[in-house]
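Dear colleague,

I am passing on the structure below, and I would be grateful if you could look through it alongside my notes.

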Amino acid sequence: MVTAVRHLGPNWYASVMGTAAVATAGAGLPLHLPGLRTACTAVWALSLALLVALLGARALHWTHHRDQARAHLLDPATAPFYGCLAMALSAVGGGALTVGRDWIGTGAAVALDAVLFTAGTVLGLTAAVAVPYLMAVRHRIEPSQATPVWLLPLVAPMVSAALGPLLVPHLPPGQAQETLLLACFAMFGLSLLGTLLMLPLVFARLVAGGPLPLALTPTLFLVLGPLGQSTTAVGMFADVAPGVVPASYSQGFGVLAVLYGVPVMGFALLWFGLATAHVLRARRHGMGFAMTWWAFTFPVGTCVTGAAALARHTGLVVYGWISVGLYLVLVGAWAVAAVCTVRGLFSGALLAGPRTAPVVPRPVTGRTTSGAVR
């Protein structure tokens with residue numbers, strides 16, 4: 001077991017995020033299907049079990065393979081995935097209050113969410129500072145290396161911003177509720193501005209440098225994360241603001257939910273089409289399964305909750321249908337990623353170390369007696 005986790009990186013937390021997204025996004029759909037909520041609760045329980053298992057495995061990784069853990073931090077392709085740990089904690093915590101309370105009770109759900117939200121927020125804010133710092137000071141990065149993975153540590157505070165309002169009604173009225181709500185609004189701002197700084201680098205790399213490598217192509221869907229999650233966040237602010245902040249602020253949050261959410265969701269749908277076109281191209285060129293396929297899950301889940309929030313605040317049926325359509329995509333992507341991951345675990349391929357390139361003999365040149373090179 002100790003040897004098996006040597007190459008278990010922080011990117012594995014994406015599987016927890018994607019599983020939790022299936023649960024919370026399904027529970028927020030603007031429709032009521034028999035058995036849907038029970039199924040979502042079961043999926044949330046699975047995400048909690050996955051989180052516990054991964055925390056244990058990663059603890060073994062750090063205990064017995066510290067050299068590899070430090071190498072991950074110093075690798076510009078791996079370090080941004082530390083944002084996934086924060087998002088996994090917050091996502092499972094938010095799921096506890098969204099659907100998990102049906103099985104464990106409201107009191108236990110609030111306690112679990114409070115612990116996971118606090119830990120996820122602290123780790124998310126730390127990653128949002130530490131990873132860009134390492135990228136600037138310790139990593140050696142060329143502009144051609146830019147990928148959407150760089151967004152991960154910056155999106156983590158946005159996940160906390162979107163899920164923190166779930167705890168607001170469970171705090172004492174007054175200062176405590178308003179402080180948490182405005183703290184979530186602050187995290188919304190810092191994550192959004194950080195994303196606006198990083199996203200142009202990613203887009204410039206895509207346009208000027210050509211398509212991403214096949215294995216990284218699914219990461220284009222990560223751009224949907226800050227778009228869908230920020231739309232979800234402003235909708236959540238508007239939901240809980242009445243009675244928590246002054247009436248003028250409460251009305252402002254309601255306006256923001258629509259005036260911000262509508263254009264951002266429009267851009268998210270545009271990017272969804274662009275990313276899908278790139279993935280189809282990569283698939284035609286032989287793209288096989290990798291853990292990056294989990295990028296098809298959580299980011300799409302944020303767009304489901306974002307569209308559902310717009311359906312609540314605009315009353316437009318079209319956003320409800322968009323959320324349902326995207327949820328079907330989410331469930332399909334999650335099923336494929338989950339099956340392929342389980343298959344890769346049993347075969348040992350996903351936990352194997354990186355392959356070393358074969359040594360190619362250097363070409364030897366010689367000259368004939370006539371002086372010709374052969």
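Leaving aside residues up to four places away in sequence, leucine 50 touches Ser15, Val16 and Thr19; please keep in mind throughout that this is a predicted model. Leucine 50 sits in helix 2, which covers residues 36-64, and it counts as partly exposed, because its relative accessibility of 29% falls between the limits of 20% and 50%. Between the C-alpha atoms of leucine 50 and leucine 125, which are 75 residues apart along the chain, the separation is 23 Å.

As to the aromatic side chains, a search of the whole structure gives 12 aromatic pairs. In one of them, phenylalanine 188 and tyrosine 260, the ring centres are 5.5 Å apart and the planes stand at 75°, so the pair is classed as edge-to-face. Phenylalanine 188 and tyrosine 260 are both buried, and together with Phe185, Phe237 and Phe253 they form one aromatic cluster.

A further pair, phenylalanine 203 with tryptophan 271, is tilted, at 6.2 Å centre to centre and 55° between the planes; it likewise links helix 7 to helix 9, across 68 residues. Here phenylalanine 203 is partly exposed, with a relative accessible area of 41%, whereas tryptophan 271 is buried, at 3%.

Best regards

Technical notes:
Residues numbered from 1 in each chain as written. Predicted model: local features only at pLDDT ≥ 70, side-chain atom pairs only at ≥ 80, totals over all residues. Heavy atoms only, no water. Phe/Tyr/Trp six-rings, centres within 6.5 Å; stacked < 30°, edge-to-face > 60°. Buried < 20%, exposed > 50% of the residue type's maximum accessible area, 1.4 Å probe, protein only. Helix = DSSP H or I, 4+ residues; strand = E, 2+ residues; numbered from the N terminus. Contact = heavy atoms within 4.5 Å.
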